[in-house]
Amino acid sequence: MLEWSDEAIVLEARPHGESGAVVSLLTERHGRHAGFVRGGQGRQMRPVLQPGNAVSARWSARLAEHIGNLTLELTGAHAATVMDDRARLAALASAAALCERALPERAPHPATYHGVLALIAALAGDATSGAHWREVYVQWELLLLRDLGYGLDLARCAAGGANDQLAYVSPRTGRAVSLAAGEPYAERLLPLPGFLVGRGGGGDAEVAQGLQITEYFLAKNVFEPQNRDLPSARKRLTQILGLGTA
Amino acid sequence: MAASEIDRMIQLLARLPGLGPRSARRAALALIVKRESLLRPLGEALLRAAEAIRPCSVCGNLDDRDPCAVCRDPERDGHVICVVEEVGDLWAIERSGAFRGRYHVLGGTLSALDGRGPEQLKVGRLLERTAAPEVSEVILALGATVDGQTTAHYVAERLEPLGVSITRLAQGLPVGGELDYLDDGTLSAAFRLRRPA
């Protein structure tokens, strides 16, 4: 009998049979992992199985290739804390959908897991601790890209320009470009927001630029090779933040 | 021949919610034993229902007449529309007797992972109905789930330009609920939405 216990975040729950559910989790040590939850459609388990909730999970199966059974205990009802705020709820749904669609199954991604926890803490924060949740969200998508092997190099200018004046990202290479070196090609480059290179505190325009960069590279490197579109939850987040059209 | 008909009956009954193959076999046997008093009337009722029951063209409720009984009822308050996900939710509210206005059944919720978008929901019809001059309030009675509340926010956004009052159902302690047995999400919602005593 194979068995493990781990901390996890609920990504998705699909009804299976009359009362059960197949639940997808993002675990700390076992990556994205699915399992069958008995009574997953029942009154007790449905509040637990909301995307973004933290759970203690125990998985067991006879063979590794079996989907296995999951026993879950709620450790953090995060979904409930953001339900009243449409933008924060959209960010949580977007993060869960991106993890579900982008991460390979059963491959550990502890950085992404801890990144989601940090994002959830920012989403649940008050006016002070959660003031910059949108910037945290952009940082988390950059981390997801890096964890998937498509990290952007925002530390130095790809064209040999000054590293203290990085202003663009090359859509071809994912590397930063300085203001002077990039100016002649500005129309073809993606604007690099200052908060991603340690300058400035973010704000609407910079968050929009950050989301534009991560959206471009998520689509190009992760979803287009799968012949899939960006998850609708991610498009909705852009729309809600008033930064584009869904 | 007879055996295969019984098998088919059991197979169909086993597809109903709450029935497995064993309970379907028991139900089939009970129906056959009470052929005249149960099986035949049930068969006729099912046939009539299959012919007559249709979604209401106004609200999406299921009824044997269009518009449905709720939409036809002149005693109902036409100023308020209650938006629900499914017909089952409408029936639950009707059972409670807590609401005497009109309904609108969306036909589901937005779901990022199931790929269910706004075009699959009956939002356009809701906007048309809400634009009528007599409508002053829309109650969003959608589930307290991530998908349900995402849908509620989306519908509220679409309704905002129409200038009607948009309200949502409260969340918190259930009647008869003890704090010790409440899930963390409900408890935190109850604290967030507390009111003066």
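Guide: pLDDT is the predictor's confidence in each residue, from 0 to 100; the model shown here is a predicted one, and for chain B the mean pLDDT is 91, with 97% of its residues reaching 70 or more.

Visitor: What makes Ala24(B), Ala28(B) and Leu31(B) count as buried?

Guide: A residue is called buried when its relative accessible area is under 20%, and Ala24(B), Ala28(B) and Leu31(B) of α2(B) are therefore assigned to that class. They cover an arc of only 65° around the axis, which puts them on the same side of α2(B). The face turned away from that buried side carries exposed residues, namely Arg22(B), Arg26(B), Leu29(B) and Val33(B).

Visitor: What is the span of helix α2 of chain A, and what is expected at 1.5 Å a residue?

Guide: Helix α2 of chain A, residues 86-102, has 17 residues and reaches 23 Å from its first C-alpha to its last, which is close to the expected 24 Å. Of these 17 residues, 16 are buried, and α2(A) is accordingly described as mostly covered.

Visitor: Why do strands β3 and β5 of chain B count as a pair?

Guide: Pairing requires at least two bridges between two strands, and four bridges join β3 (residues 77-84) to β5 (residues 137-140) in chain B, so these parallel strands qualify as a pair. Within this pairing, Cys82(B) stands opposite Ile139(B) in β5(B).

Visitor: Which strands of chain B are the edge strands of the open sheet?

Guide: The open sheet of four strands has the order β4-β3-β5-β6 in chain B, with parallel pairing; its edge strands are β4 (101-105) and β6 (165-168), because each pairs on one side only.

Methods
Residues numbered from 1 in each chain as written. Chains lettered and ligands numbered in written order. Predicted model: local features only at pLDDT ≥ 70, side-chain atom pairs only at ≥ 80, totals over all residues. Heavy atoms only, no water. Helix = DSSP H or I, 4+ residues; strand = E, 2+ residues; numbered from the N terminus. Expected span 1.5 Å × (residues − 1). Buried < 20%, exposed > 50% of the residue type's maximum accessible area, 1.4 Å probe, protein only. Arc of directions from axis to C-beta.
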